[in-house]
Amino acid sequence: MRIALIGTGSWGTAMAGLVASHGHTVVMWSYDPAPAHEINELHTNSCYLSDYTLPQNVSATCSHEEALAGADAVIFAVPSSFLRGVARDCAPYIPDGLPVLCLAKGIELGTGLLMSDVIASEIGHPERIAALSGPNHAEEICHGALSASTIACESMEIGEFFKGVTFGPNFRIYLSTDLVGVELCGAMKNVMAIICGIAAGSGMGDNALALIMTRGLAEMSRLVHACGGEAMTCMGLAGMGDLIVTCTSRHSRNRSFGEAFARGETLEEYQARRRMVVEGAAAAKSVSELARSKGVDVPFTFALEQLLYGSMTLEEALDQLTSRMPGEEFYGLDE
Ligand SMILES: NC(=O)c1ccc[n+]([C@@H]2O[C@H](COP(=O)([O-])OP(=O)(O)OC[C@H]3O[C@@H](n4cnc5c(N)ncnc54)[C@H](O)[C@@H]3O)[C@@H](O)[C@H]2O)c1
Ligand SMILES: O=P(O)(O)OC[C@H](O)CO
């Protein structure tokens, strides 16, 4: 088959290699001409994934039309803040029945939409749109290291299709119909990873990190439930699995941004230095907005929003969180 892969960041590049290793022809769309040129000439994308050579059946272009011409499926791998614009530009070249897979992790600011909904609102036919999410650092997957992920979709047929395109002995795929749970977890775990980074960078110990991950998971479950998803999804690969890896891995940019923030670096300085997106920073705002609209208490997310965009200091945020009186550990998802 011919697969259009929209985005040449680190995840798009690793996914292109994975899909191509199944024998499919992959045509990548790049926002920036430099990675497209390097992929075509050298089969590398050194700015986003050093130490990796793409298979010969991967090429790249900056033309949406060229990337999508004759495609049997399309995979979106652009950061959440650019997804709507990119999906809009791709829309004229995406026929009605084409299966679509979304890799972006975030919630749209201002609308509270899931990333799959953002794509659907630009290209239509939401039933053919799936989302893949799990503990999947591009730096490991490109070298064939063992990993697993969840593909969520309304339609099992579409889910099975994308499982067929991505599954292998070292990339295990589980299916779900809970798009809301899978996608909300993907956005919220990034918030918790920044907070873990801030905690570690401020000298807190492993017990504190376990506290943040565990109570962060409770916060994720409450919002998933309030938005109509299944709380059990939070116990799966897209929930706990991704939360653990993002909060602990040396590859995690969200965690590493949190550590840098604790040392005094701003979000702008960090993103300019690393040339990579920190999805959790945008999610602190969009998830807070969504939680307020649903009347759900998400104390970690609210605190990070205040830290990054308000006037709250680290000391004040810590004070606010630790002065909360803990109640019953499992106090019901509706409260
Ligand atoms: N990196 C990972 O290991 C990983 C794993 C799982 C999921 N994800 C998710 O995948 C998505 C893509 O992340 P990534 O890590 O590949 O990104 P990245 O930070 O590696 O790359 C950023 C990409 O955005 C592009 N870009 C910059 N400005 C743009 C614009 N105005 N319009 C369109 N594109 C623009 C750049 O060309 C580049 O391709 C994110 O939502 C991320 O959370 C990443
Ligand atoms: O761990 P991060 O912060 O780099 O996020 C990347 C992916 O979402 C991990 O699956």
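Residues are numbered from 1 along each chain as its sequence is written, and chains are lettered from A, ligands numbered from 1, in written order. In this predicted model, local features need pLDDT of at least 70 and side-chain atom pairs count only at pLDDT 80 or more, while totals for chains, interfaces and linings use all residues.

Start with the sheet. It's an open one with eight strands in the order E3-E2-E1-E4-E5-E6-E7-E8, and the pairing is mixed. (Strands, E, at least two residues, and helices, H or I, at least four, are DSSP runs numbered from the N terminus; two strands pair if DSSP finds at least two bridges between them.) The edge strands, E3 and E8, each pair on one side only. E7 and E8 pair in the parallel sense over six bridges, and Ala148 has Arg172 in E8 as its bridge partner.

Now the helices lying on strands. Angles run from 0 to 180 degrees between N-to-C directions, with axes fitted to C-alpha atoms, for helices over the stretch in contact.

| Helix | Strands | Angle |
|---|---|---|
| H2 (residues 33–42) | lies across E2 and E3 | about 150° to E3 |
| H10 (residues 237–248) | touches E6, E7 and E8 | about 145° with E7 |

Finally, H4 (residues 80–90) packs with H5 (residues 115–123) at about 20°, axes 8 Å apart.

How values were computed:
Contact = placed C-beta atoms within 7 Å.
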